[in-house]
Amino acid sequence: YASLPPGSQHYYAGLFLPPERREAWAVFLHFCREIAAITQSVADHGVAQTKLNWWRQQVLQLSDPGRTAPEHPLL
């Protein structure tokens with residue numbers, strides 16, 4: 001949670017969460033930024049689709065204990 005800039009809307013929104021959930025809130029926001037960065041910075045549709053598919057697989061790995069652990073440190 002400390003990675004969110006004090007004074008930002010997300011920082012203040014997180015203050016309404018129980019302390020044990022604030023870090024998860026920050027991780028979720030960083031995940032959203034990662035996805036938004038793909039859609040905003042990648043001009044080639046095929047490259048963007050490949051990156052989004054990679055993220056989809058990473059998220060699926062979180063929900064299926066039979067899969068290997070996600071590679072990205074955010075997850």
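Trp55 touches Phe31, Glu34, Ile35, Ile38, His72, Leu74 and Leu75, leaving out residues up to four places away in sequence; contact means heavy atoms within 4.5 Å. This is a predicted model, in which local features need pLDDT of at least 70 and side-chain atom pairs count only at pLDDT 80 or more, while totals for chains, interfaces and linings use all residues. Residues are numbered from 1 along each chain as its sequence is written, and side-chain values use heavy atoms, with hydrogens and water left out.

**Trp55 and the core**

- Trp55 is buried, because its relative accessible area is 6%; buried means under 20% relative accessible area, exposed over 50%, and partly exposed in between (1.4 Å probe, protein chains only).
- The largest nonpolar core has five residues, and Trp55 is one of them, together with Ile38, Val42, Ala48 and Leu74.
- A nonpolar core is a set of buried Ala, Val, Leu, Ile, Met, Phe, Trp, Tyr and Cys residues joined through side-chain atoms within 4.5 Å.

**Aromatic pairs**

- A pair of aromatic rings is described by the distance of the centres and the angle of the planes.
- Rings of Phe, Tyr and Trp (its six-membered ring) pair if their centres lie within 6.5 Å; planes under 30 degrees apart count as stacked, over 60 as edge-to-face and the rest as tilted.
- By this rule there are three aromatic pairs.
- One of them joins Tyr11 and Tyr12, edge-to-face, with 5.5 Å from centre to centre and 80° between the planes.
- Tyr11 is partly exposed, since its relative accessible area is 22%, and Tyr12 is also partly exposed, at 45%.
- Phe31 and Trp55 form an edge-to-face pair because their planes stand at 75°, with ring centres 5.5 Å apart.
- This pair links distant parts of the chain, 24 residues apart: Phe31 belongs to helix 2 (residues 19-41) and Trp55 to helix 3 (residues 45-63).
- Helices (H or I, at least four residues) are DSSP runs, numbered from the N terminus.
- Phe31 and Trp55 also belong to one aromatic cluster with Trp54.

- Trp54 lies in helix 3 and counts as partly exposed because its relative accessibility is 33%.
- Beyond four places in sequence, the contacts of Trp54 are Glu71 and His72.
- Between the C-alpha atoms of Trp54 and Gln40 there are 17 Å, for a separation of 14 residues in sequence.
- Gln61 is also placed in helix 3, and it is buried, with a relative accessible area of 13%.
- With neighbours within four places in sequence set aside, Gln61 is in contact with Arg67, Thr68, Ala69 and Pro70.

**Surface and helix 1**

- A nonpolar patch on the surface consists of Tyr12, Leu15 and Phe16, which together have about 380 Å² of accessible area.
- Accessible areas come from the Shrake-Rupley method with a 1.4 Å probe.
- Tyr12 is part of helix 1 (residues 9-15).
- His10 is found in helix 1 and is partly exposed, at 26% relative accessible area.
- His10 and Trp55 are 45 residues apart along the chain, and their C-alpha atoms are separated by 23 Å.

**Glu20 in helix 2**

- Glu20 sits in helix 2 and is exposed, with a relative accessible area of 63%.
- The C-alpha atoms of Glu20 and Val47 are separated by 37 Å, and the two residues are 27 apart along the chain.

Notes: Patches are made of residues with over 30% relative accessible area and no salt bridge: like charges are joined within 9 Å, nonpolar side chains (Val, Leu, Ile, Met, Phe, Trp, Tyr) within 5 Å. A salt bridge is a side-chain nitrogen of Lys or Arg within 4 Å of a carboxyl oxygen of Asp or Glu. Helices (H or I, at least four residues) and strands (E, at least two) are DSSP runs, numbered from the N terminus.
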